Structures are given as structure tokens and as C-alpha cells.
Amino acid sequence: MKRKEDLFRLIKAMSRSEKRYFTLDAQKSGRKGSKYLELFQAINGMERYEEQALKQRFPKNLSSDKAYLYEAIMRSMRDYRSSKSRFAQMKEMIMDSKYLYERGLYDQCEERLSEAKRLAIELGDQLAKLEILKEERRVIRDRRKTGHKDRLEVLNKESEKSIQSVEEEFQFLGIYDQLSMAVISHPNLTEKDQQQYIRSEFASLIETVDTTPDNIHARRRFYQSAALYYQLLGDLNQVFSYYSKVVDWWDENPKYKSEEYYRYVVDVSNLLFICLQTKKYDNFPELLYRIEKEPPSNAHDQKVAFQKLSIYKLVYFMNSGKSEGVHELVDEIEKGLAQFSINPVSQLILSGNAAILLFIIEDYASCVKWCQKVIKNKRMQSRYDIQKGIYLLHMIALLELEQFEALESALRTTKRFLRSNSTTKVTNFESIVYSYTKKLHTNPLSQTRTLLVDFKSRIETIKADQNEKVSFGLDDLLIHWIISKLEQKTILEQIGKN
């Protein structure tokens, strides 16, 4: 621990159950543990790190006490994870075998190594298997029991095979990293230039692979690499095909799935994103069910599952034209935001999309409620594009509810907010939405249809201009809303047409 805030960040990253485990662990240590538990609780209670406040409360040896507490937390978390993680259990078995070897308990040492190898094979962890094989060979050489030469030969062949598997795995890991860096390093290439560059650099590594790799982890990396390669080329059908193979790979390796749940959810999310891009909305329910049916084993994974499931369920409802289950989803999101420590930007995205979905199903009262969650959050200091979109949506929802006094207040508040942020200018889209909302509020009802037609035309002009910026992607939503009013149909019916 070198930076002053490292301990603070570590404690803030811990889940409630992890903090509870550490607290109980420290209490077992008696007086010494009590001292460090007090420091732990003081830091945990801080909204932001304040070194000076800690120095006043703990004037002696603060630096060394923080270092000790950091290591104590890490030791406690190793114990916490060992009961839940096969990887941790395997590493502990290897450590146990070394202790048993040093004490001359060779039979017990070999038994421990055999258990560790079984786990390594189940998890496809070839690096761990190589370490286990090295320890097995050491024990056999030192004992020199009958047949030890034959056993060493068998272990040598195992080692050669594992080395080949590791090389294969790292080869495709390297390809995946290169493709990932290509996206970052060349963001401004034209489509034609990009395709030429990508093919020249990576075609021989992806398109000429005749068979999928034997190593299970190399196979996943190959599928991921191929998906990213074709994504860079704009071939979304191939992207869908390879991300589907990635997701199937997880089902073929269930023990690894339970061990690396977070990565599994990310891979399913990648496939969901491609389904969104290709408008394969019918695939959403089955993919979302895949995540839901796998119970997360820890608080971190529960939070990841909540965030991914929530955002893609919102996306599904917003694009499919379906409404059954919307209110249940919104209730789940509200509970999840209260239960989990979600970062402010993720909270904003979830709350904002919940508001949009409620607007789509024309539950304007609930839409207002969720818009106000964002508007009243004074600590939010980022993603002003989303915030501005929510202010605009809030006005229109109040207009639909005919809450004219509240709308007058919202118009003033929105005007102040749009002009108060020095880092982002008021866009044409924001000005038009604000202006026409005000006109629809103040002008006679006889002018409503004309105003709506003009409003739609102005939004369509902005939508056609690639240089124009649209807050929170509201252009399509407002067009659907205007058409629904002009044709006296629901917004869902408009979305269903598309």
C-alpha cells in the first residue's frame, strides 16, 4: 500500500457481507483487533477520504496502522474467498503440499497434490497444473521409490502437453488484446480504411484458423477474438455467431462458470448488445433467463447481475413494443438501487432508462417520479447529456398529466439547469424541445396539432444531421410520442411498427 487513499478505496470496494466477515474476524483477535477495527470503522464511515481527520483521531503511528489494517483485510478476504472459490482452494492445497513436503510427510503431500490437480483439470488451469506437476516431480525424485523413473516420464509428457496448452491459450489471448487495442488506437479511421487495416493485420490470425483450439480457455479467447474481428469489419451476423459460441462455451464448462460468474455475465451482455444492434429482440428473453438461472455466489456478482439484467430488460421493453412486466421490473430496479452500492453514473443510467420506459407505456405519473430521482440528486456531477434529457422528459410528462403549476416550475428549473453548466452548451435539440413544450403549454388548444407537426419536423431535421447532439437519445422517443398524439394511438403501437 503506497498511496494514502488505497486503504479507503479498498474498504469502500468491499461488500456488506465482506465487511461483516472482517469485523467478526477482527473481534476474534481481542484487544489488538479492536484497535484496528476502530480504524476500519472510522474509514468506512467517510464519504470521502480525509487524512487529517484520521490523524486527529489516531495521532500515533497512523501510517503503520493503516498498512497493518490493509494486510489484515487482505488476509481476512483470502479466508473469506477460500470457502467459495475452487481457485483459492487449489492454491491452498499447493501451499499445504509444500508444508507437508518440508515435514517429510510425502504420502500426505502427494494426496494433496492429487486433489489440487483434479481441481486444475476441472477448471482448465494449465498454469496451476504445471506448478503441481513440478511439485509432484520433486517428491518422486526425492523419494526414489520403485518405478519412479516411469512415473517421472509420465509427468514429463503431462508437462509437455500442458506447456503446449498454455502457449495456445496465450497466443489467442495476445490476438484478443491486439484486436482490443486496435479499437482504441484507430478510432478515427474511415470504414474502408479500417477494414483494410484490420484485414491486413488480423485476417491470417482469425480467418485461417481451420479448427478451434483444443485448450478450453484458448477456445473461448478464439471465439471472442473472432467476434471482435468481425465487429471491426462491420459483419454483425458473424459477430452474433461467434458471441453465441462464447455463451455456449460457458454452458459447456459449468464449473468455470460458477467460478468466473462476472466474466460469464459480461459475455452474455456482449451477445445481448449485438442482438440489440441487429434488432434480434426475440433472443432477449432466453439470454436474460440464462443469467437469471445462475445464482450469483457473492455480493459483487449479485450487483453485476442486477445491473446487467436491469439495463438489458429495460432495453428489451423499450425496443420490443411489449409492456407486460414493466412495473415489476421498475420495482426490482428500485429495490436493487437501495440494496446495492451502485456508482452514481450507473444509478443515473438505470433511473433515466426507467423513466423513459415508463414514458413509453404512458405511465406519466411514475415517469415524473423517476425523473425527480435524477433531478433531486445534487451529488451527480457527470453525464450531463443524460441529466439534460431527463429534465426535458420531466417537462413533457408533466404536460401530459396537465399538472400546469408543476410544469411552470419545471420550465424554470430546466432553463436554469440547461444554462448553468459551463462545460456543455445548450444544443439545438434541447432548445427546440424546451421551446415547443412551452408553446404546447401556453398556446391555445386549437394550435396543438400545428405545433406538434412543426415540432416533429424540427426533430427530424436534427436527427438527419450527424453533427447535431441529442440528449439521452430522445429524438426517436419524442417522434413516437408526437405521432401517437397526432394519430391517436399509443406510443407502444408506434414502436411496434418499427
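Colleague: In which helix does His441 lie?

Modeller: The model discussed here is predicted. His441 belongs to the helix that spans residues 428-442, namely α22.

Colleague: Is His441 buried or exposed?

Modeller: Beyond residues up to four places away in sequence, His441 touches Leu399, Phe404, Leu407, Glu408 and Leu411. A residue is called buried when its relative accessible area is under 20%. His441 has a relative accessibility of 15%, so this residue counts as buried.

Colleague: What distance does helix α17 reach from its first C-alpha to its last?

Modeller: Helix α17 covers residues 326-339, which is 14 residues. At 1.5 Å a residue, the expected span is 20 Å, and the helix comes close to that value, reaching 20 Å.

Colleague: Why are the buried residues of α17 on the same side of the helix?

Modeller: The buried residues of α17 are Val326, Leu329, Val330, Ile333, Gly336 and Leu337. They lie on the same side of α17 because the arc they cover around the axis is only 125°. Lys335 and Ala338, on the other side of α17, are exposed. The buried residues pack against α16, α18 and α19.

Colleague: Is helix α1 roughly parallel or roughly antiparallel to helix α5?

Modeller: Asp6, Leu7, Leu10 and Ile11 in α1 meet Lys66, Leu69, Tyr70, Ile73 and Met74 in α5, and the crossing is left-handed. The axes of α1 (residues 6-13) and α5 (residues 62-82) come within 10 Å and cross at roughly 30°. Angles under 35 degrees count as roughly parallel, and therefore α1 is, relative to α5, roughly parallel.

Definitions and conventions: Residues are numbered from 1 along each chain as its sequence is written. This is a predicted model: local features need pLDDT of at least 70, side-chain atom pairs count only at pLDDT 80 or more; totals for chains, interfaces and linings use all residues. Side-chain values use heavy atoms; hydrogens and water are left out. Helices (H or I, at least four residues) and strands (E, at least two) are DSSP runs, numbered from the N terminus. Buried means under 20% relative accessible area, exposed over 50%, partly exposed in between (1.4 Å probe, protein chains only). Contact means heavy atoms within 4.5 Å. The expected span of a helix is 1.5 Å times one less than its number of residues. The arc is that of the directions from the helix axis to the C-beta atoms. Axes are lines fitted to C-alpha atoms, for helices over the stretch in contact, and angles run from 0 to 180 degrees between N-to-C directions. Angles under 35 degrees count as roughly parallel, over 145 as roughly antiparallel, 65 to 115 as roughly perpendicular and the rest as oblique. A crossing is left-handed if the near helix is turned anticlockwise from the far one by less than a right angle, and right-handed if clockwise.
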